[in-house]
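Dear colleague,

Please find below the structure that I am handing over to you.

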Amino acid sequence: MASPSKAGAALTALREDLTGDVLAPGDPGYDEARTVNNSMIDRHPAVIAQCANDTDVTRSVRFARDLDLTIAVRGGGHSVSGMGLNDGGLVIDMRRMHEVTVDPATHSVRVQGGALMSHLDRATQPHGLATTGGRVSTTGVAGFVLGGGSGWLDRSLGLAVDNLVGADLVTADGTEVHASAEHNPELFWALHGGGGNFGVATSLTLRLHELPAFSIALLLYLPEFGRDVTRTYRDLIEAAPDEASGGVIHLTAPPEEFVPPHLVGHLLCGALLAYAGTEEDMRKLAEPLLALPHEVEIVTAIPYADFQCMLDDPPGLRNYWSAEYLTGAPDEFMDVFCALGEALPVPTGTQSALFPLGGAIADGPSEYPVPYRDARWAVHPFGLWEDPADDERCIQWVHDVRSRVQPWSTGAVYLNFIGDEGADRVIAGLGAENTRRLASVKRQYDPDNVFRFNHNIVPA
């Protein structure tokens, strides 16, 4: 650790050199800047560098290395375990770097490292183009993509990482590196699921696809119909084209204008059919769900970017999530899933979600470190609550979900859906053989494991 005099001089120099702002404890805006989506995370970095450009990122990395400070990289701040923050180190805050540049001619988009999903979707929508994004608009694009990237369009357009064309990074020694199929191909391979282990992603280039129409059917049912809903949804999706996606969810009815007041605060079962196509075609698919008795019905064509904002989880709540990826969803599993949904901690923001996979996910490139392609469904217990007194019951419920669905688990997992669950779960999210290869790439680009506030790959 550097001496106080050296650290003070270096901090002064960093404040002078950066185009963006540099915040330390006691500075105006510091506490706001260290706040992330999960209110359970309360960490106090020594320095927060709010970078405005690639040069700021390079200078910040070199500043931290000179002072032997740990480095965390903050994009959207949605990591459930608060990986974008540390105690006593440097946080490279990317949020000012959110420019999105669309090239309609090549069906590609360049996204700066601090852009949120809303920045990406709003920029591509006027061109009738899209790529697989997260299920909420406030997710950071870089962390989402480099961690694999599963969303409403993945069955039709593939995982987000399948659409990665190139990346610009600042590595652990402060070097700017470009990775693509032609340049640094081994690093490019590692970025397909290996997350932020290899450097700070200052920009990504993604492939875009035509999306001329998008529509949804969102229906809410009383929980006693949950088993009929889940089985109907399963049968519908497994026979549907790849354009159909969505999920089944148990939740506490929120105080939204589309929810009847007498249901607010009560347990409901919901079904979402998200369709990369016209409302007319989607309605035909949704007929079996519409035929079941339901309390709320929203069936409409909607711009994809608008829909992405509909289900945003509010900031400032306590979060604890996990996931299991499944070999299938037979009736026996559906009974277990619904029983777990009926045991949901109510009334909280907690949700029990079941997402379909297959389609372009399963058909995607097999060489990347994405070991869950062959899973057919994913269970995502999403703990979300306000009162610390609910910590124990909400966290225990998430553990119960994981435990109860183990008989159907493939053993693989999507790392963006989980927090810090240990080294074995990181391997489960990358694949054992892939992890060994990734460790070699890590040794080349980050031999000192500078970038370790992530689902960490230890250099070897």
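Predicted model: local features only at pLDDT ≥ 70, side-chain atom pairs only at ≥ 80, totals over all residues.

Five strands form an open sheet in the order S5-S6-S10-S8-S9, and their pairing is antiparallel. The edges are taken by strand S5 (100–103) and strand S9 (176–180); each has a single partner strand, so one side of each is left without a neighbour in the sheet. From one strand to the next, the twist averages 15°.

Within this sheet, six bridges join strand S8 (residues 164–170) to strand S10 (residues 200–207) in the antiparallel sense.

Helix H4 (residues 117–124) lies across S5, strand S6 (108–112) and S10, and runs at about 30° to S5.

In soluble globular proteins, nonpolar side chains tend to be buried together. Here the largest nonpolar core has 78 residues, and those with the most contacts inside it are Leu-191, Phe-198, Phe-214 and Tyr-325. Helix H5 (residues 141–146) supplies the largest share of this core, with five residues. Another core, of 38 residues, lies apart from it and includes Ala-217, Tyr-221, Tyr-233 and Ala-240.

Beyond its neighbours within four places in sequence, Phe-198 is in contact with several residues, among them Leu-169, Leu-187, Leu-191, Leu-438, Tyr-445, Phe-451 and Ile-457.

With kind regards

Definitions and conventions:
Residues numbered from 1 in each chain as written. Heavy atoms only, no water. Core = buried A, V, L, I, M, F, W, Y, C linked by side-chain atoms within 4.5 Å. Buried < 20%, exposed > 50% of the residue type's maximum accessible area, 1.4 Å probe, protein only. Helix = DSSP H or I, 4+ residues; strand = E, 2+ residues; numbered from the N terminus. Contact = heavy atoms within 4.5 Å. Pairing = 2+ DSSP bridges. Axes fitted to C-alpha atoms, helices over the stretch in contact; angles between N-to-C directions.
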